[in-house]
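Dear colleague,

Please find below the structure that I am handing over to you, together with its sequence. My findings follow directly after it.

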Amino acid sequence: MLILLFIAAVPLGTYMMQLSDEITTSFEGKRWAVPARVYSRSMELYSGAPVSMERLVSELKYLGYRKVSQPDSTGTWAMNGGRLLLRSRPFTFWDGAEPERALDIRVAAGKIKSVMNHETGKEIDLVRLEPLEIGSIYPRDNEDRVILTPDDIPEMLKKSLITIEDRSYYDHFGIDPRGITRAAVSTLVKGRRQGGSTITQQLVKNYFLTPRRDLKRKSKEALMAIILDAKYDKEDILAAYANEIYLGQDGNREIHGFGLASEFFFGVPIAELEIHQIALMVGLIKAPSTYNPRRNPKNALKRRNLVLDVLAEQGVISEGSAAVAKKKSLGVVKKKSTGQGGRFPAFMDLVKRQLRRDYQPEDLTSEGLHIFTTMDPWVQKTAESNVLKRLQQLEKQKGLPKGKLEVAAIIATPQDGEVLAVIGGRKAGYAGFNRALDATRQIGSLVKPAVYLTALQYPDSYSLSTPLDDSKVVLHNRGSKSWSPSNYDHKSHGNVPLELALAKSYNQATVRLGMDIGVERVVKTLHALGMSSEPDPLPSLLLGAVNMTPLEVTQLYQTIASGGYRSPLRAIREVMGPGDKALKRYPLIIKRTVPAGPVYLLSRAMQSVVTRGTSRYLLNALPKSLNLAGKTGTTDNLRDSWFAGFSSDYVTVVWVGRDDNKPAGLSGSSGALRVWADMMKPLKSSPLDLVVPGTIEMARVDPKSGMLFNPVCGGNGVEKPFLRGYTPYEEAYCDSDYLMAPVPAQRSSNQVARPGRGSRDSDGHPDFNGDSWDNSRSRSSKKSNDGLGGFLRGIFE
Amino acid sequence: MKLLFVLMVLLFVIQSTGCTNSTPRVKPAPVYQHGERVGGGSTSALEMPEIGTEDSGEYGREPGEEYRVSELDSDVPQAPTDSPVTDLSSGSLWSGGEQVAYAGSAESGAAPMGKAANSLLEKAESQQQAGDLSGAASTLERAVRIESRNPLLWNRLANVRLQQGHSDLAVEFASKSSEFAGSDESLKQNNARIIDKANSSR
């Protein structure tokens with residue numbers, strides 16, 4: 001008998017050895033493809049931080065902090081006599097760990113007044129809250145998970161798991177013969193299938209095998225379970241089980257493991273789970289769909305309470321705490337994410353395109369990268385909610401068909417080009433066509449600042465007060481019809497100061513100006529500002545017959561908003577790999593691409609757009625003291641409504657129109673401008689305080705003629721900035737008829753600078769040299785098949 | 001029954017100490033479906049220097065290295081050198097003496113620095129002294145996000161970039177610092193020295 005057994009055991013042993021090798025390779029390598037996790041920026045708390053109580057509380061809500069009476073565990077906060085007490089979570093950033101802290105925060109007048117250590121009472125200079133996870137990038141098999149180490153798993157979860165799934169886990173050797181016998185008897189006698197699988201077997205089944213239920217697979221499962229148990233530590237196997245197990249579905253995304261399930265169902269890290277939540281998750285294992293707490297809350301509650309009863313019965317928890325836990329609601333948070341885009345698909349889209357350049361898809365979905373982005377959840381969320389409201393209001397007000405208006409917007413920082421928010425359409429949570437990145441539309445008058453900026457680089461001809469001729473203009477092109485653009489109001493306005501011509505967005509004056517300086521030069525300026533395409537230098541370009549995406553427009557206006565320093569727009573700051581190792585930085589890069597003096601003058605003129613031009617709406621909608629600068633844009637037949645503008649903290653571009661390119665019925669100021677104001681209002685920006693470059697000097701001029709103020713004529717004149725050395729030197733005539741003479745289309749005559757007084761910067765270089773930096777080299781060399789599109793490639797490469 | 005199991009396990013233990021050349025028959029676990037890149041948990045292939053930094057020699061022309069100042073200007077030195085910043089003044093630019101002078105910048109005209117930015121400035125300085133230039137730049141960028149118009153922060157960023165051999169960026173940051181510097185002449189002079197140094201090393 002023994003010999004027979006032995007003979008049978010030899011091939012079996014060989015087979016087991018093969019299985020053992022298989023297990024070893026899988027189990028000792030990297031066990032799972034660990035998806036990349038994408039985070040928002042983290043909120044910085046310090047005395048003076050522009051964080052209102054409302055903003056701080058929202059941030060805590062996004063992060064899943066619970067409001068309690070006594071914040072003594074991580075992830076909780078309380079209000080106490082105007083102070084916000086907070087127990088922050090520890091978090092490892094690319095540049096070090098932020099420890100758990102007990103904070104006492106005071107907020108006054110929309111700013112943080114002080115941040116103190118609640119335990120020591122000492123002031124803290126600077127604290128970072130953990131960032132909000134805004135999405136993950138998981139592989140094509142749709143398995144998403146957050147890996148837990150054995151130490152990460154709360155004791156209570158381990159005990160509950162074992163009690164419910166496999167009570168003899170610590171005693172058996174991978175399989176539980178008694179359990180199997182029980183199951184077999186039940187199946188044979190009662191004709192009812194009953195699971196006799198141990199945790200180890202379940203892990204083997206899910207991890208190594210296909211989900212068939214026949215005897216052959218069952219035996220293999222048993223053998224592998226024995227091997228696994230013999231080779232590895234019980235704790236390690238339990239952790240693997242806790243990471244492997246399937247617990248729910250989110251669209252295509254499969255929620256695997258307790259680490260992710262905790263975030264998915266309760267919005268908190270696993271360490272913060274309470275017993276009723278643990279019981280719910282353990283109960284889910286049996287049938288994640290049937291007991292789905294969001295879809296089948298009644299089933300889930302019943303199942304959870306059953307689990308709690310068993311835990312009490314087995315002495316894992318007391319009867320008392322089971323009774324308390326059973327009274328609690330499910331505690332499930334509203335579902336935050338849908339599919340690959342997470343909660344903020346439009347922003348994630350930008351992140352992914354930037355990542356695609358530097359990483360293979362499999363790195364993103366398997367290497368467990370942590371990606372720290374520039375997104376500001378507060379900015380993004382308030383923008384999203386205000387945009388939809390305004391669109392609906394506009395449709396109602398203007399009698400437009402419902403639901404047809406679409407929108408796109410980008411909010412970025414002027415000084416470092418970080419993208420804070422992306423609006424890809426009116427339905428913010430919907431991962432569809434991303435208009436902010438992919439809708440290329442005519443930009444209309446948004447191009448005008450480039451025309452005026454070009455002109456202002458010729459200070460011997462143009463300053464803010466140079467009168468421009470706004471009379472009717474007819475351009476003859478050889479071989480084609482003549483072109484005669486008219487003003488928005490179909491009127492001519494005679495001679496208007498350059499600044500006012502921009503403020504009022506006069507087309508006729510702008511075309512005359514642009515034709516004088518040359519369309520090629522304007523194209524060059526557009527490239528310097530950040531345009532990536534090569535439009536034909538046709539006169540129609542001067543009125544915005546050039547297509548761009550909102551993102552590209554944002555780049556142009558970022559350069560202006562930063563005083564002429566172009567920063568490639570960025571959505572990612574850092575990428576951190578496994579072991580908290582910093583892998584890649586996307587550093588701040590700036591480059592002066594247009595000269596400071598002319599940009600300053602342009603910005604002043606763009607402030608006039610708000611104070612006396614097409615955007616006066618902002619004077620009432622937002623505090624006057626913000627000194628905002630911007631420009632409206634409208635295209636033919638009101639197809640596109642644009643507004644681009646900036647404060648000191650934000651540069652924001654909004655487009656409103658229709659996907660079918662039919663007229664939307666809105667001008668820049670009746671459409672996009674309204675959306676822009678709604679988006680900016682809650683952000684409580686600080687005022688735009690333009691830095692006056694050393695190449696600027698002030699002069700008092702006659703507001704009509706732009707000539708030097710002449711006290712003899714009476715009045716006060718106005719103080720205007722000029723490039724140093726180019727202030728007008730002739731005093732105004734008191735006879736205002738002089739003004740009626742049209743300014744020749746060539747270099748204007750009444751503003752010639754004194755010879756030899758040209759402006760020089762501190763290095764002795766002319767401040768306004770014509771060959772501003774041009775990025776055509778990087779533009780022409782790349783071909784697309786990386787899905788970036790011309791402009792994005794321009795930024796990211 | 002139990003005896004059989006024990007026997008099997010025994011055999012398995014005996015045999016598994018010897019032979020190793022058997023091959024798995026079951027399809028590999030999910031992690032392998034992406035091919036040989038994975039396994040072992042090594043991420044060295046993912047590591048990319050920041051902008052072709054002092055590390056760039058090690059990586060050759062990895063994809064990450066191309067990012068880049070070259071986005072804006074291809075004249076970035078490909079094999080940057082550690083510019084001895086000590087050449088620039090009597091001491092190193094970030095050494096105690098000069099730093100103190102700027103820290104008390106209220107009297108010299110520029111806006112005073114808040115505690116938060118100042119704590120980051122100090123952190124960046126110790127990172128720079130420890131040779132972690134990339135880390136110092138990252139810390140300074142964080143400070144710039146808090147006080148985006150503080151000339152001293154831009155000056156320090158220029159300094160770090162200069163030391164890394166990114167002359168073009170150093171020039172830009174130094175120029176920007178001077179534009180925000182108001183009447184702080186000593187800071188402007190320091191920026192001018194950085195620009196001179198950067199220009200001569202190009």
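In this predicted model, five strands of chain A form an open sheet with mixed pairing, in the order E11-E1-E15-E23-E24. The edge positions belong to strand E11 (133-137) and strand E24 (581-585) of chain A; each has a single partner strand, so one side of each is left without a neighbour in the sheet. Averaged over the sheet and with direction ignored, neighbouring strands are turned by 25° against each other.

Strand E1 (residues 36-39) of chain A runs antiparallel to E11(A), and four bridges join the two. Within this pairing, Ala36(A) has Ile137(A) of E11(A) as its bridge partner.

A helix also belongs to this picture. Helix H12 (residues 345-358) of chain A lies across E1, E11, E24, strand E15 (370-373) and strand E23 (572-577) of chain A. Relative to E11(A), helix H12 of chain A runs at about 45°.

Turning to the chain overall, chain A contains 25 helices and 30 strands. Of its 797 residues, 59% count as buried. Among the contacts in chain A with a separation of 6 or more, 69% come from residues 24 or more positions apart.

With kind regards

Notes. Residues numbered from 1 in each chain as written. Chains lettered and ligands numbered in written order. Predicted model: local features only at pLDDT ≥ 70, side-chain atom pairs only at ≥ 80, totals over all residues. Heavy atoms only, no water. Buried < 20%, exposed > 50% of the residue type's maximum accessible area, 1.4 Å probe, protein only. Contact = heavy atoms within 4.5 Å. Pairing = 2+ DSSP bridges. Axes fitted to C-alpha atoms, helices over the stretch in contact; angles between N-to-C directions.
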